[in-house]
Amino acid sequence: MSNRTVKTIIMVIAVYIVLFILIKFSIINPYWHQILCYAGIMAIQALGLNLIYGYTGQFSLGQAAFYGIGAYLSAYISKTIHTTNPLILILGIIAGAILSGIVALLIGLPILRLRSDYLGIATLGFGIIMKIIFDNADAVIPSLGGSRGMTGIPRLTNFTWVFTVFVLAVLVIRNLINSSIGRALVSIREDEIAAEAVGIDTTKYKTLGFVIGCIYAGVAGALYAHLYSFLHPANFDFLKSIDVMLIIVLGGLGSISGTIITAIAWAFLLEGLRVVLPEAILDWRLVIYPLILIIIMLVRPRGIFGGMEFKFLKSD
Amino acid sequence: MSPSILEIKNLTKDFGGLKAVNNFSLSLNEGELVGLIGPNGAGKTTVFNLITGMYLPSAGSIKFQGREISGLKPHKIAQMGISRTFQNIRLFPELTVLDNVRIAHHYHTHCGLFHTLFRTKAFHQEEKELTQKAKEFLAIFGLEGRLNEKSKNLPYGEQRRLEIVRALTSAPKLLLLDEPAAGMNPFEVGRLLELIAFIRERFRLTILLIEHQMRVVMGICERVVVMDFGEIIACGMPEAVQNDPKVIEAYLGKRTTVYG
């Protein structure tokens, strides 16, 4: 292990311990604990989309649908087995990841053969279909709740879970990007024709990137379902996909650091403003994001952290 | 007589009513350097796109080392040993010079997802070899000082050179160069021709070279094929082709005698 690796590991553990203690002694109250978890979940989801769009250059508007697949499947499992054993969450995460991955493969394989933005349209359509399925799911499986929402999911997600999965997610994407496979993905974004001409099977790698990115969404969804113990189809419509898209564009396409920082800032700003702003102009906070986006695109068209990366996220 | 490496027979490509390439036949011998010339719009680049699988031929066959390759995906053809450069340079602009070359070596890497995610010894070993090899290649072409520069920031001439390095990295047997001298001044053209002659020797390549400036090809090609309106109008030694009335007509127009 190199010096830097050891330093990074120590730093990660330190961050964990500090936050854990703050939560344990209620210095971070349960409300902000929940938001901290939500921020981590958004970051995992955004890392997935960054792999699809930021690195591989495939425009996808379906992230929330895969998020929903992970959420509903894992919630269904823990509700049906009816246990509060935290290990059921692992099962839920794995199941959510697998199903999201399989669905992504089925959608990606036919579409990713094509160039340009067909994936955007197809995933948009897929997102709308999934929303309708979630809305009407109670007709087939009553426990999914349909448009009334799904209740009674055990509240299992806590900071430790989110932090562990988040660290793994960052590690996987870092190792993937700084490798031959990662270079193949990026070359597709840069110039698909040239990538083919140097012998890269672009369909295979586009599909690989898409599937892994959707698995991230599925995993994030499973954590989300067990955080609020309530699921509603409106949380998975395509506008939620746009939120994730916003995060990665703001943070800088193809930047892991940017995605993480922006996702966390996004979650905290959204909730923080709820506390800070007076009642009368509370709804205006939803105007602030588009405004930030417009300003950032004018001032820093490549995103806040475009092209930048923390040292420990770079390859040696 | 060396065996033929590329065998094109009656190749045709039409876009709607337009026959971009019509009944094109060509055989390349191993180690040969052949020029493909013709006026703008003659169909030269279309021939390249057909050989490399970017377009599907409407009719005809392309055999590479005795194997039929028409209908194969471009990356398969590239993996079999046909490399190309593009008329309007196609690098990976946001990537470093080193990565541009390392990508081209992708097909020869064997570490899968498992080794990559767990950073095994095999992964580090392979990555090291890959980088070493890419650096060696870049050094041959005088680009070793530019390793970590984004390729889009290189001057034009170096971008052209980098594209050739990238094409060579995947260890091709046949190299297709699409107007490598485009946009270069006579001095740069001279250096480019030296470079081409050098890589041909060093990597024992067969080269097919597109050019529309006659004088560029005359110097180095053993054989020249002239195209116009999608068809071959002349073929042979450079000097003979140069004086062919059909070729002169294609380039300059028909000779008419005006009686006083």
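Into which domains is chain B divided?

## Two domains in chain B

Keep in mind that what you're looking at is a predicted model. In it, chain B splits into domain 1 (1-81 + 172-260) and domain 2 (95-169). Take the centres of these two domains of chain B over their C-alpha atoms, and they sit 29 Å apart.

Where the two meet, domain 1 of chain B puts in nine residues and domain 2 of chain B puts in six. On the domain 1 side of that contact, H7(B) gives the most, with three residues. Sort the residues on that side of domain 1 of chain B by class and you get six nonpolar, two polar and one charged.

## Where chain B meets chain A

Chain B also touches chain A: 26 residues of chain B are in contact with 21 residues of chain A. On the chain B side, helix H2 (74-80), helix H3 (97-104) and helix H4 (113-118) each supply at least two residues. As for the make-up of this side of chain B, there are twelve nonpolar residues, along with seven polar and seven charged ones.

## A stop at B:Asn185

Now look at one residue, B:Asn185. You'll find B:Asn185 in the loop of chain B that runs between strand S7 (174-178) and helix H7 (186-203).

Technical notes:
Residues numbered from 1 in each chain as written. Chains lettered and ligands numbered in written order. Predicted model: local features only at pLDDT ≥ 70, side-chain atom pairs only at ≥ 80, totals over all residues. Contact = placed C-beta atoms within 7 Å. Helix = DSSP H or I, 4+ residues; strand = E, 2+ residues; numbered from the N terminus. Nonpolar A, V, L, I, M, F, W, Y, C, P; charged D, E, K, R; others polar. Domains from an automatic or database assignment.
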